[in-house]
Amino acid sequence: GAAVKQAAYDVQRQAWSRTLVNDPQGLLERVKLDSAQLYRADGEHLRRVMRSAAEARSAGADGARLSPVAVRGLALAALAVLGQAGDDQEARIEPMLIDGSGVNCLRMAKLNLFQCMAVAGPQYEDLFCTGEHAMMETARCVVAASDTAADVALASNRPDPGYGSERESVERGYAPMR
């Protein structure tokens, strides 16, 4: 995300990056449609997740704790292995599928992406929006949700200190911070 955001600054030297996005409303609508698509993990992804969880569990033997998200995921995986996590068990497993704080954090990251793209003009601004909101802000949500410390707050959805507000960045033309 940081590399993409930096690329938005670097590319401003090239004339094409300062041209307006063709059909910005259409682009925003396509991004919204793409973001609404569900991702289904294939067998290899599921195997990697299970290996990772098993490794985290063995590493946890020295007193390290699993995050609440990991604990719910392992419980859900165990129920699935036992054949008790099918569609007919939805009411029973629903609490394991919901992480309110993480969901809200990701929802805000998505909203911030959409708002940023809605006011973007030149090509490099869309690139900036992608790096900052689609990648970095989403990553902060995921990292916060996977943190094992109980008192760690989820990403605040505020820009990094020194970055300023979204409005300030737009007014500055997304000038890189020194």
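Colleague: Are cysteine 116 and cysteine 129 buried or exposed?

Modeller: Cysteine 116 is buried, and cysteine 129 is buried as well. Bear in mind that this is a predicted model.

Colleague: What makes cysteine 116 and cysteine 129 a disulfide?

Modeller: The S to S distance between cysteine 116 and cysteine 129 is 2.1 Å. The cut-off is within 2.5 Å for the two sulfur atoms, so the pair counts as a disulfide. The link has -80 degrees about the S-S bond and is left-handed. Cysteine 116 is in helix 6 and cysteine 129 in helix 7, 13 residues apart, and the pair is described as linking distant parts of the chain.

Colleague: How many disulfides does that rule give?

Modeller: Two disulfides. The sulfur atoms of cysteine 105 and cysteine 141 are 2.0 Å apart, and these residues form a disulfide too. This link is left-handed, with -80 degrees about its S-S bond. With the bonded cysteines numbered in sequence order, the pairing reads 1-4, 2-3.

Colleague: Why is cysteine 105 called buried?

Modeller: The relative accessible area of cysteine 105 is 3%. Buried means under 20%, so the label applies. Cysteine 141 has 2% relative accessibility and therefore also counts as buried. In the chain, buried residues make up 25% of the 178 residues.

Colleague: How do you know that helix 4 and helix 5 are roughly antiparallel?

Modeller: The axes of helix 4 (residues 68-81) and helix 5 (residues 90-97) cross at roughly 150 degrees and come within 9 Å. An angle over 145 counts as roughly antiparallel, so helix 4 and helix 5 receive that label.

Colleague: Which residues meet where helix 4 and helix 5 touch?

Modeller: From helix 4, Arg72, Ala75, Leu76 and Leu79 take part; from helix 5, Arg92, Ile93, Pro95, Met96 and Leu97. The residues of this contact divide into seven nonpolar, no polar and two charged.

Colleague: What makes proline 95 exposed?

Modeller: Proline 95, which lies in helix 5, has 52% relative accessibility. Exposed means over 50%, so proline 95 counts as exposed.

Colleague: Why is aspartate 23 called partly exposed?

Modeller: The relative accessible area of aspartate 23 is 48%. Aspartate 23 is found in the loop between helix 1 (2-10) and helix 2 (24-35).

Colleague: What is the phi of aspartate 23?

Modeller: The phi of aspartate 23 is positive, about 50 degrees, although this residue is not a glycine. Most residues other than glycine have a negative phi.

Colleague: How many helices and strands does the secondary structure of the chain come to?

Modeller: Eight helices and zero strands. Along the sequence the pattern is α-α-α-α-α-α-α-α. Of the contacts with a separation of 6 or more, 65% are between residues 24 or more positions apart. The chain exposes about 11600 Å², and carbon and sulfur atoms supply 58% of that.

Terms used
Residues numbered from 1 in each chain as written. Predicted model: local features only at pLDDT ≥ 70, side-chain atom pairs only at ≥ 80, totals over all residues. Heavy atoms only, no water. Axes fitted to C-alpha atoms, helices over the stretch in contact; angles between N-to-C directions. Helix = DSSP H or I, 4+ residues; strand = E, 2+ residues; numbered from the N terminus. Parallel < 35°, antiparallel > 145°, perpendicular 65-115°, else oblique. Contact = heavy atoms within 4.5 Å. Nonpolar A, V, L, I, M, F, W, Y, C, P; charged D, E, K, R; others polar. Buried < 20%, exposed > 50% of the residue type's maximum accessible area, 1.4 Å probe, protein only. Areas by Shrake-Rupley, 256 points an atom, 1.4 Å probe, with all protein chains shown as cover.
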